[in-house]
Amino acid sequence: MKKIVAGIAVMLLAVTMFGPSDGYAKKTSVAEIDKQLKQLQQEVQAAKAAQEKAASRNQEAQHYKNKTTLNLQYVLDQIDQVKGEMTTISGKIASTEESLNVTATELDDAEARVASREKLLESRVRLMYTDGAVSYLDVLLSSTSFSDFLDRADSLKMIVDQDQDLLVQHKLDKQTVIAKKQELEGQYAQAKQLYTDLESQRSALKEKEAEKQELIAYYDEEIQEAEVISEEQNAKLVQLASNRSALEEQKDKLKAEEAARRAAAAKAEAARRAAAAAAKAAKAAKSASSGGSSIASVEEYAGGDGPFLLPVGSARVSSPYGVRTHPVTGEVGKMHTGVDFAVPQGTNIHAADSGTVLVAEWWSGYGYCVIIDHGGGVWTLYGHIREGGIKVKPGERVERGQTIAESGATGRVTGPHLHFEVRVDGKTVNPMPYL
């Protein structure tokens, strides 16, 4: 495809720079240009399809990129949330570790107190129970007076009570420290486990983040690639449009040259036939003046070998081209600018040749009328069309033989018929040599 476009571009560049030579004009026909235009149109359609596909691909990639970006933001928010929780847990772990250190110190102090008490108790028990109950009695009996006895008894009681309190306090201290240590160790283990779980969750979220980032990069690449394709196709469409414009211009030029050649040929042929017709008419007039009669107004006419098609097929010529007495006004020596074909009302009227419609409306004494421009200054006129019988519009392109109207009796007439004219450079000529 690129080679074809490049080839056409080179050809058009050559045409632009040097203009079409006679040899080139002969080699390149309108049909060949139409073929190239058709090929260009196919390329335009392909380029448009590729451009639309790229735009759709771009839109789809953008949609998924936006969706993935939202998911990525959600993951990032979760990561931030987990980070915050991990920070809080880290603080708790540090606080718990500090509490454990304090508790360990307290436990060491308690254990030191317990050890000291155990040592004191051991010496006291050893002292008190070495001789059994006799030691208490000896202490009491060695009193010097009753008051001394009471003092010794109170002292012994205080010692026994104090020993009992030491044992109880010793037990409580040890149990308290052990319980606190167990509680802190449980909190520490729980915080550590929670931190481990959060770290695992954070790792999973990080993997999701990496996955989303990779997807976004992929969609960015898709978008960029689609944009490049769209730009390439857009540039290609511009180039194809330029090529098409140049080919259309060349085609119009060739058609204009062909139309000019045809018009010139038709003009020459018309002049020849007009001269022949004039000679024939002069001969017929001479014959009529000597007692003969013309059969042109009574015979059926099916057309000759002229370039134009007979508009109504085989029909009787009711009034030929030339000077006559006007059938409506009675004016003698009035020039009849066309040929009248006697046909019934509603008869289809066909274009004598291809061309462009100039007039399709009421036109003075012609009534409803159609005028067609065949190029090269040659026109044909179709008059007295019935009301509502015109089937074409001004500016419309018509083809040879196409039905353009229906015969009637509008305008200045005595009855239904078709008034047909041929004009060259705006002037009427005898239509018969053209038919």
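The following legends describe close-up views of a predicted model of one protein chain.

Residues are numbered from 1 along each chain as its sequence is written. In this predicted model, local features require pLDDT of at least 70, side-chain atom pairs count only at pLDDT 80 or more, and totals for chains, interfaces and linings use all residues, while side-chain values use heavy atoms, with hydrogens and water left out.

**Figure 1. Overview of the protein chain.**
The secondary structure comprises five helices and 13 strands; helices (H or I, at least four residues) and strands (E, at least two) are DSSP runs numbered from the N terminus. Of the 435 residues in the protein chain, 30% are buried. Buried means under 20% relative accessible area, exposed over 50%, and partly exposed in between, with a 1.4 Å probe and protein chains only. Contact means heavy atoms within 4.5 Å. Among contacts between residues at least 6 apart in sequence, 69% join residues at least 24 apart. The protein chain exposes about 26,400 Å², of which carbon and sulfur atoms supply 55%. Accessible areas come from the Shrake-Rupley method with a 1.4 Å probe, and for residues only the protein chains shown count as cover.

**Figure 2. The largest nonpolar core and the surroundings of Ile 404.**
A nonpolar core is a set of buried Ala, Val, Leu, Ile, Met, Phe, Trp, Tyr and Cys residues joined through side-chain atoms within 4.5 Å. The largest such core has 28 residues, and those with the most contacts inside it are Phe 341, Ile 349, Val 370, Tyr 382 and Ile 404. Two or more residues each are given to this core by β2 (315–319), β5 (339–342), β7 (355–362), β8 (368–373), β9 (378–385), β11 (403–406) and β12 (418–424). Strand β12 provides the largest share, four residues. In soluble globular proteins, nonpolar side chains tend to be buried together. When neighbours within four places in sequence are left aside, the contacts of Ile 404 include Ile 349, Val 370, Ile 372 and Tyr 382. His 350, Gly 389 and Lys 391 are also among the residues that Ile 404 contacts.

A pair of aromatic rings is described by the distance of the centres and the angle of the planes. Rings of Phe, Tyr and Trp (its six-membered ring) pair if their centres lie within 6.5 Å; planes under 30 degrees apart count as stacked, over 60 as edge-to-face and the rest as tilted. By this rule the count comes to five aromatic pairs. Tyr 64 and Tyr 219 form a stacked pair, with 5.9 Å centre to centre and 20° between the planes. Because Tyr 64 lies in helix α3 and Tyr 219 in helix α5, this pair ties together parts that are 155 residues apart in sequence. Tyr 64 is partly exposed, at 35% relative accessible area, whereas Tyr 219 is buried, at 14%.

**Figure 3. The ring pair of Trp 362 and Tyr 368.**
The ring centres of Trp 362 and Tyr 368 are 5.1 Å apart and their planes are at 90°, so the pair is edge-to-face. Trp 362 is partly exposed, with a relative accessibility of 44%. Tyr 368 also counts as partly exposed, at 23%.

Most residues other than glycine have a negative phi, and most peptide bonds are trans. Ser 364, which is not a glycine, has a positive phi near 50°. Ser 364 is placed in the loop between β7 and β8 and is exposed, at 59% relative accessibility. His 384, likewise not a glycine, has a positive phi of about 65°. His 384 belongs to strand β9 and is buried, at 6% relative accessibility.

Asp 148 lies in helix α5 (residues 146–289) and is buried, with a relative accessible area of 19%. Not counting residues up to four places away in sequence, Asp 148 touches Ser 142 and Ser 143. Phe 149 also lies in helix α5 and is partly exposed, at 31% relative accessibility.

**Figure 4. Glu 97 in helix α3.**
Glu 97 is found in helix α3 (residues 30–129) and is partly exposed, with a relative accessible area of 32%. The C-alpha atoms of Glu 97 and Glu 185 are separated by 9.0 Å, although these residues are 88 apart along the chain.
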